[in-house]
Amino acid sequence: MRQVSRVSKVLFCAIAAASFSVSAFAQNWPNSTVTVVVPWPPGGPSDIAARPIAKRLTEDLGQPFVIDNRGGGGGNIGSAAVARAPADGNTLLITSSAPIVINPSLYKKMAFDPSKDLVPITNLLRVPLVLVASPSVPANNLKELIAYIKSQPTFSYASAGNGTPQHMTGELFKSVTKLDITHVPYKGSAPAISDLLGGHVPVMFDSMIAIMPHIKSGKVKVIAVSGAKRSPLIPDVPTFAESGYPTLVSYAWYGFFAPAGTPKPLVAKINAETLKIMKEPSFQKILADTGSDYVGDTPENFAKFVKEESVKWAKVVKESGATVD
């Protein structure tokens, strides 16, 4: 009995020491530069959340938080790099929902499994998508646009890339309207918008975060909003539901992730520091200016939300027949 008791004490002490070590590690983090990977080109919607958060984390925690834009593969390349990184808090991911909950159903092969290789920290924000058209398109509302598309021998729409919420909202649009239009994927919102402004593509779906400056300047026509209700930034623009398509409701959301195996106390610390920043007036102004909703949450609730979103978009991919070229 004494031998068993001694073994139990040793195990207890070992567990306590390990727990103390993990907690101490989290308290002392960061002790070097932290890389925040954004798996999209510079200037896209993810940057608008990532850069102010990285700046404030740098100021608050005393170590550099450096944004590393690694575009390509519909967000898969940069996300996979984080999934393979050491779980020490020195490499983190801020991304749109695409590589997390859409790509696993859309791509035949992926270099990582988001559900196993990444751990959710917090949802940052969500934003409705908008369908916008080049000024050269002779349509000012959804009814006119659909009629115009039907009159054309071919028609295309642009998106920020394969598997993005912009892409899948476009596929949902094709499905509910029964239109035959071709998807033209870009490597991020910025180059897609550039081609839209240049008249190289007639329409595109994008988040309000990226497209709002061009809406305000009048460089694009706004056709419809994918949110459940109208955006206060463009209150005169109807939703797809108001325009006769009640099942076309879609949001892009942007989340914070770490490599799987990152200690829970460290995930909790990053979560707390990030939510503190998001509640500050400067970040709240970013949300208001871009028509975004604050959705900061606990790691546990965010993980549950990610699972629900995975099921939702898997169904959309299957029903739309969308594939990656």
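This short talk covers the nonpolar core and the salt bridges of one predicted model.

Let's start inside. Nonpolar side chains tend to be buried together in soluble globular proteins. Here, the largest nonpolar core holds 54 residues. Val130 and Phe256 have the most contacts inside it. Which strand gives this core its largest share? That is strand β4, residues 118–133, with seven residues. Domain 1 (34–126 + 252–320) and domain 2 (128–243) each supply at least three residues.

Now to charge. Side chains of opposite charge can pair when their charged atoms come close. This model has 11 salt bridges. I'll show three.

Take Arg56 and Glu59. Their closest N and O atoms are 2.9 Å apart. Both sit in helix α2, residues 45–61. They are three residues apart, so about one helical turn separates them. Is Arg56 buried or exposed? Its relative accessible area is 19%, under the 20% cut-off, so Arg56 counts as buried. Glu59, at 44%, is partly exposed.

Next, Asp293 and Arg126. The closest N and O atoms are 3.0 Å apart. Asp293 lies in strand β10 and Arg126 in strand β4, so this pair ties together parts 167 residues apart in sequence. Asp293 is partly exposed at 29% relative accessibility. Arg126 is partly exposed too, at 32%.

Last, Lys174 and Glu171. Their salt bridge spans 3.6 Å, N to O. Again, the two are three residues apart in a helix, this time α7, residues 165–177. Glu171 is buried, at 6% relative accessibility.

One more point. Salt bridges with shared partners link Lys55, Arg56, Glu59, Asp60 and Glu280 into one network.

Definitions and conventions: Residues numbered from 1 in each chain as written. Predicted model: local features only at pLDDT ≥ 70, side-chain atom pairs only at ≥ 80, totals over all residues. Heavy atoms only, no water. Core = buried A, V, L, I, M, F, W, Y, C linked by side-chain atoms within 4.5 Å. Buried < 20%, exposed > 50% of the residue type's maximum accessible area, 1.4 Å probe, protein only. Helix = DSSP H or I, 4+ residues; strand = E, 2+ residues; numbered from the N terminus. Domains from an automatic or database assignment. Salt bridge = Lys/Arg side-chain N within 4 Å of Asp/Glu carboxyl O.
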